[in-house]
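The following explanation leads the reader through the aromatic rings of the structure shown here.

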Amino acid sequence: KAAADFNQVGDTADATANTASYTLLDNMTITPGAGDYLLLFTASGDGVSGSILNYAVHVGGTIVQHTERSFTQESSIPSTEMVVMIAAKVSPTGGQDVEVRWARQAGTGTIVAHERTLTLMKVNAADIFQENATADASATNTADAAISGMSITPGTATEYLAIFSGSDFYDTIAASENTTYSIYKDGTQASNSELTAMHESSVDIADMAVF
């Protein structure tokens, strides 16, 4: 890709918010030309006990609903820095802002975002595929099973970059629980793609961003 196909902003200064409504995350705005883009956002943040930090991409002032990611500052771990990533296809028209906004979904008090980066890479429409879902998917299986709505058949045999991001939630648990995520290609697990997120037993009824 040419340098002109990349747009990136970043910030190392802490940003704070104290609102349940989405507000712009400091310095996380890019106004690219019209086209199709692969968006990547990464950050870390924390909040007061019981708060839930939400992040979401907005294009032209409108939320891209499937990009909403959440993590909980459970009462036993307040002010614990956690990481979040959002990966998505966005297609702004000329002059539209692509932004990351955030909110305190639950609780009271101030939430904090630390180092963060927003990157847009322009791509050809024929080279990018996306599936998304906003409805909750639930599971009790102990063997790998497909996540509802998370399957793509690109149609052309070649090499692809595959990125998954989401958030998960455990209800009340008595012992620590692990959730394992993997990329599968035609029914076969992609080598080295397996990643595990652990919900420690004292941190139940909590959201966690996964990717």
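**Aromatic pairs and a cluster**

There are five aromatic pairs in the structure, where rings of Phe, Tyr and Trp (its six-membered ring) count as a pair if their centres lie within 6.5 Å, and are called stacked when the planes are under 30 degrees apart, edge-to-face when over 60 and tilted for the rest. One of these pairs joins F41 and Y55 in a tilted arrangement, at 5.8 Å centre to centre and with 40° between the planes. The pair links distant parts of the chain, 14 residues apart, with F41 in strand β4 (residues 36-46) and Y55 in strand β5 (residues 52-59). Strands (E, at least two residues) are DSSP runs, numbered from the N terminus.

F41 counts as buried because its relative accessibility is 0%, and Y55 also counts as buried, at 0%. Buried means under 20% relative accessible area, exposed over 50% and partly exposed in between, with a 1.4 Å probe and protein chains only.

Y55 also forms a tilted pair with F71, at 6.1 Å centre to centre and 35° between the planes. Y55 lies in strand β5 and F71 in strand β7 (residues 69-72), so this pair ties together parts that are 16 residues apart in sequence. F71 has 1% relative accessibility and therefore counts as buried. Together, F41, Y55, F71 and W102 form one aromatic cluster.

The model is predicted, so local features need pLDDT of at least 70 and side-chain atom pairs count only at pLDDT 80 or more, while totals for chains, interfaces and linings use all residues. Residues are numbered from 1 along each chain as its sequence is written, and side-chain values use heavy atoms, leaving out hydrogens and water.

Notes. Helix = DSSP H or I, 4+ residues; strand = E, 2+ residues; numbered from the N terminus.
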